[in-house]
Each structure stands twice: as C-alpha cells, then as structure tokens.
Amino acid sequence: MGRAYYLFRSGRLRRRQNTLYLEWEADGQTQRQAIPVEDVEALFAMGELDLNTRLLSFLGRHGISLHVFNYYGFYVGSFYPRETRAAGQVVVAQALHSADPSRRLALARGFVEGALFHMRRNLLYYRRQGLPVEEPLTAIEQALREIESCPDVPTLMGLEGRARDAYYRAFPAILNLEGFRRSRRPPENPINALLSFGNGLLYAATLSELYHTPLHPAISFLHEPSAGRFSLALDLAELFKPLVVDRMAFTLMNRNALSEEDFLEEVGFCYLKEEGRKKVVAEFEERMRETVQHPRLKRPVSYRTLIRLEAYKLVRHLLGMEPYEPLKAWW
C-alpha cells in the first residue's frame with residue numbers, strides 16, 4: 001500500500017520516466033522535489049498546480065487519485081483513474097440494492113448506526129472526564145434505539161441529523177467554548193473551518209480507498225446518488241468522522257496546537273491558512289496511520305486500511321456472502 005502525498009507548494013507537476021516531480025521557481029532557479037510513483041497511493045493538491053493530460057494519463061495507469069483543494073482549503077474535486085478492479089457482478093448487485101427501498105434502507109441503517117455508535121463513544125469518554133455531556137449523550141442513545149423504526153431513508157437521515165445536532169451541543173463543554181453552532185458553507189469560525197477541512201480530507205481518503213475495491217463510488221445507500229459527487233464515499237465517511245475528524249479536532253484545539261494565526265476570519269467566514277492546514281494534515285495522517293489489532297485478521301491494521309475493509313464488508317453483503325455489520329470501534 002502506498003502513501004498519500006500532500007502538495008502545498010504551487011508549481012508544475014511533471015513526469016520523468018517512473019518518477020513524478022514537483023517543480024517551482026525560487027530565487028531565479030528551478031527547484032525540484034522527486035516523488036517515486038511506486039510509493040504513491042494518492043496526491044492531495046493544496047497549492048496551485050500546472051499539469052497536462054500526459055501526466056493524468058500516467059497517474060491513471062498507476063491507479064493514483066489526485067484530489068484538489070482550493071485556496072481556502074475546501075475540497076473541490078478529484079481525478080479518479082479508470083477503474084481496474086471493477087466487477088460487473090458487484091456493480092449490478094450494488095445498483096439493485098440501491099434501487100430497492102428495503103435493501104437500501106437496511107444498509108443505510110447500518111451506516112447511521114455505526115456513525116451514532118462512534119459519536120456516543122466520544123461522549124462517553126468525555127463524560128468519564130467529568131464533562132457535562134449527559135443531555136447530548138441521552139439524545140444519541142435515544143436515536144440509536146429508534147433506527148430500526150425508521151420506515152425510509154429520508155426519515156432515517158432526519159433522525160441522524162437531529163442526533164448529530166445534539167452531538168454538536170456537547171462541543172462547547174469538550175472544547176471549553178462559550179457556544180457552538182455547526183456551519184458549513186461557509187464555516188463561520190475556527191472550529192467549523194477545522195471540521196470542514198478535516199471532513200474534506202476524510203472524504204478524499206475514503207474515495208481513494210474505494211478505488212481499490214470493485215464498488216462503484218457513485219452508487220450509494222444513505223446519501224442520495226446524484227450527479228457531481230461520489231456519494232458512496234460520503235456513506236462510508238460517516239462511520240469515520242467521529243473516529244478521525246472529530247477526535248483530531250478535539251486534540252488540536254485542546255492542546256492549543258492551532259492558534260489564531262493559523263486562521264483567517266472575515267465577516268461570517270473563516271478558513272485555515274496554509275500553516276494551519278499543514279498542522280491539520282500532519283495530525284490527520286498520523287491518525288490514518290495509527291494501527292489497531294484486528295480481531296478477525298489477527299494483525300494490526302491502520303485506520304486507512306479499516307476504510308478499505310469496510311468497503312469489502314459491503315461487497316460481501318451485496319454478493320449475499322454475509323450481512324453487513326457496520327464498524328464499531330472495539331479498541
């Protein structure tokens with residue numbers, strides 16, 4: 001398994017034989033950073049890059065995804081190579097499950113159950129630390145009991161949305177804030193900017209892992225399939241947001257790893273500066289490389305690998321091999 005490379009410098013991305021080079025001008029000289037292609041699983045473009053179709057063709061042949069973030073750190077899109085692991089049987093089963101209301105609902109319930117389980121897990125940790133999170137914790141536990149009674153996906157998404165709103169009501173206690181309201185487009189304050197950037201990183205990382213499976217990334221079950229987005233990555237990312245992004249945000253803010261200088265705040269709008277994004281990326285990658293002992297595989301696996309394993313659990317469900325059970329952290 002290769003690694004993710006985060007390219008913060010602006011410049012030109014080139015290919016020479018089997019090596020990628022990021023080139024930029026400094027003091028009148030061309031500087032060059034080599035990126036061995038056999039070591040790359042995905043590229044995250046955080047700066048402005050010049051490239052051509054020959055370079056994209058090269059990335060496609062090596063199965064390397066390129067994820068693009070804009071000046072403000074918002075995810076804007078991906079180059080997703082031609083699928084080489086596609087299996088018609090899996091894609092047909094995936095489409096049939098997505099089109100069948102009852103089978104789609106069963107999978108959507110699993111994604112919501114896993115997401116709420118991990119939100120509850122986070123709150124239980126902070127309750128043990130003596131923080132006043134009882135009200136949001138009770139709301140999430142109630143939502144977990146109501147999942148099976150949801151008659152359709154829109155009702156289920158409404159339940160998940162209310163539970164997530166309750167979860168966010170615990171953030172002032174966890175982060176020692178006066179108040180907090182989740183805002184996305186645009187994020188209104190540093191916490192929202194951090195969460196939005198982290199969620200974009202997780203979505204792109206999930207999409208990269210889906211590439212290595214026979215699943216079609218645009219056929220989803222919880223989120224509505226629509227043009228212009230890989231909605232299955234959104235489904236799977238829901239399970240990992242509390243485990244990766246939220247815990248990362250709690251750690252960075254409570255340890256004062258990010259300061260006011262890492263953000264630029266304007267009226268009704270806030271985003272991470274480049275130095276702040278570098279700090280977040282370093283913490284994100286550390287968490288994605290963190291390993292846990294897998295009870296079934298009997299070996300350590302990283303969080304990044306857990307995303308791919310979750311996708312393969314979905315494949316086995318679609319093929320009728322075993323019912324899908326969402327990830328529930330055991331460690």
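Me: What makes the second largest pocket a pocket, and how much space lies in it?
Reply: A pocket is an open set of points on a 1 Å grid over the protein atoms alone, with protein on both sides within 12 Å along at least five of seven lines. The space in the second largest pocket is about 350 Å³, where a volume is the space filled by probe spheres set on the points, and grid points are joined across faces, edges and corners. The model is predicted: local features need pLDDT of at least 70, side-chain atom pairs count only at pLDDT 80 or more, and totals for chains, interfaces and linings use all residues. Residues are numbered from 1 along each chain as its sequence is written, and side-chain values use heavy atoms, with hydrogens and water left out.

Me: Which residues line the second largest pocket, and of which class are they?
Reply: Lining residues have an atom within 4 Å of a point. There are 18 of them here, and His294, Arg296, Leu309, Lys313 and Arg316 lie nearest the centre. Helix H10 (residues 303-318) gives the largest share, 6 residues. The lining has 10 nonpolar, 1 polar and 7 charged residues; Ala, Val, Leu, Ile, Met, Phe, Trp, Tyr, Cys and Pro count as nonpolar, Asp, Glu, Lys and Arg as charged, and the others, Gly among them, as polar.

Me: How much space lies in the largest pocket, and which residues are closest to its centre?
Reply: The largest pocket holds about 970 Å³. Its lining has 29 residues, with Arg184, Arg185, Asn199, Leu234 and Lys241 closest to the centre. H5 supplies the largest share, 6 residues. By class the lining divides into 12 nonpolar, 8 polar and 9 charged.

Me: What makes a cavity a cavity, and how many of 30 Å³ or more are there?
Reply: In a cavity a 1.4 Å probe fits but cannot get out. The count is 1 cavity of 30 Å³ or more, and the largest cavity has about 40 Å³ of space. Its lining includes Gly2, Phe44, Ser208 and Arg304.

Me: Why are H3 and H4 called roughly antiparallel?
Reply: The axes of helix H3 (residues 101-128) and helix H4 (residues 134-146) cross at roughly 155 degrees and come within 10 Å. Axes are lines fitted to C-alpha atoms, for helices over the stretch in contact, and angles run from 0 to 180 degrees between N-to-C directions. Angles under 35 degrees count as roughly parallel, over 145 as roughly antiparallel, 65 to 115 as roughly perpendicular and the rest as oblique. H3 and H4 are therefore roughly antiparallel. Their contact (heavy atoms within 4.5 Å) includes Phe117 and Leu124 of H3 with Leu137 and Ile140 of H4. By class it has 10 nonpolar, no polar and 5 charged residues.

Me: What makes H2 roughly perpendicular to H10?
Reply: The axes of helix H2 (residues 88-99) and H10 cross at roughly 80 degrees, within 9 Å. That makes the two roughly perpendicular. Val90, Ala93, Gln94 and His97 of H2 meet Val315, His317 and Leu318 of H10. By class, this contact has 4 nonpolar, 3 polar and no charged residues.

Me: Why are H9 and H10 called oblique to each other?
Reply: Helix H9 (residues 274-289) and H10 pack at about 60 degrees, with axes 5 Å apart. H9 and H10 are therefore oblique. Glu285, Arg287 and Met288 in H9 meet Tyr303, Arg304 and Ile307 in H10.

Terms used: Helix = DSSP H or I, 4+ residues; strand = E, 2+ residues; numbered from the N terminus.
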